[in-house]
Amino acid sequence: MVSPAETVKAESHWKPQFSLLLFGLLLSKLGTSIYMLSLPWLAYDLTGSSLILGSVFAVEMLPFILLMPFGGVLIDKMSRKKIMIVSDVLRCIVLLSVPVLFGVGLLEVGYIYLLSFSMSVLSFMVEVSLMAIVPTMVPFDHLTRANSHIQMIENISTLAGPLLAAFLLGAYGTYMTLALNAFAFLVMAFCVLFINIQENKQQVQLQSLIQDAKEYGIYGEAKHCG
């Protein structure tokens, strides 16, 4: 039987780290809401076409559809901590490239499509990695409460993200908004850097990846039905 002293010691170990993760997650979720509104608006600003605006929204959703069958399998066999850090640093760099390219007169609408797709791929990697690391950080009997905190972050970002994006776009313009937005992902990367995460040491093999994707991603539902 676990003594009260041991329980307090265990909680003092994971709670600060989980709180740090929640802080980074809040900034990351708000950042995602901001860029998902800012990039289509930027495309419209460059072209004046509402069709382009709508198509950028569609491109932002595409990676989640394409990667869902096997993305989780791939992430499960890699270092989730490294995935999150690298993805967040890349999200910061990619967004910062927009005002830079605009400043030198090289920003084109085609780059906005590429940017939107890339940002969504990186966001997918972070989202799936997050779902995988939370159970390794939080004791089982606290998992429901931890997930409720994450859901609260989701709700806050869903409500506040578009409002914050509208304020920043109106006050600072698209390019400055994206530049400010980039640093939210950098903060998330630093938060994850100081968190201890239990890693899966399995090596990724293409043949195994394809097989797992077929079994658990594409055909998993059919198996359950059968």
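In which helix does Ser33 lie? I started with this residue, keeping in mind that the model is predicted, and I found Ser33 in helix α1.

**Entry 1: Ser33.** I looked up its accessibility next, and because the relative value is 17%, Ser33 counts as buried, the cut-off for that class being under 20%.

**Entry 2: salt bridges.** How many salt bridges does a search of the whole structure find? I noted three, and I went through them one at a time.

I took Lys29 with Glu127 to begin with, where the closest N and O atoms are 2.4 Å apart. This pair links distant parts of the chain, since Lys29 sits in helix α1 and Glu127 in helix α5, 98 residues apart. I recorded Lys29 as buried because its relative accessibility is 8%, whereas Glu127, with a relative accessible area of 24%, is partly exposed.

I then turned to the salt bridge in which the side chains of Lys29 and Glu154 meet, at 2.8 Å from N to O. Lys29 belongs to helix α1 and Glu154 to helix α6, so this pair ties together parts that are 125 residues apart in sequence. For Glu154 I wrote down a relative accessible area of 24%, which means that this residue is partly exposed.

The remaining entry on my list was Asp88 with Arg91, whose closest N and O atoms are 2.5 Å apart. Both residues are in helix α4, and because they are three residues apart there, about one helical turn separates them. I found Asp88 buried at 0% relative accessibility, and Arg91 is likewise buried, with a relative accessible area of 1%. Looking back over the pairs, I noted that salt bridges with shared partners join Lys29, Glu127 and Glu154 into one network.

**Entry 3: helix α4.** I checked the length of this helix against its residue count: at 1.5 Å a residue, the 24 residues of α4 should span 34 Å, and its end C-alpha atoms are 35 Å apart, which agrees. Just after α4, I noted that Gly105 takes a positive phi of about 75°.

**Entry 4: nonpolar cores.** Which residues have the most contacts inside the largest nonpolar core? I found that this core has 22 residues, and that Phe18, Leu21, Val134 and Val138 are the ones with the most contacts inside it. The elements that give two or more residues to this core are α1 (4-47), α4 (80-103), α5 (109-137) and α6 (143-193). Its largest share, seven residues, comes from α6.

I followed up Leu21 and, not counting residues up to four places away in sequence, I listed Leu130, Ile133, Val134, Met137, Met188, Val192 and Ile195 as the residues that Leu21 touches.

Terms used. Residues are numbered from 1 along each chain as its sequence is written. This is a predicted model: local features need pLDDT of at least 70, side-chain atom pairs count only at pLDDT 80 or more; totals for chains, interfaces and linings use all residues. Side-chain values use heavy atoms; hydrogens and water are left out. A nonpolar core is a set of buried Ala, Val, Leu, Ile, Met, Phe, Trp, Tyr and Cys residues joined through side-chain atoms within 4.5 Å. Buried means under 20% relative accessible area, exposed over 50%, partly exposed in between (1.4 Å probe, protein chains only). Helices (H or I, at least four residues) and strands (E, at least two) are DSSP runs, numbered from the N terminus. Contact means heavy atoms within 4.5 Å. A salt bridge is a side-chain nitrogen of Lys or Arg within 4 Å of a carboxyl oxygen of Asp or Glu. The expected span of a helix is 1.5 Å times one less than its number of residues.
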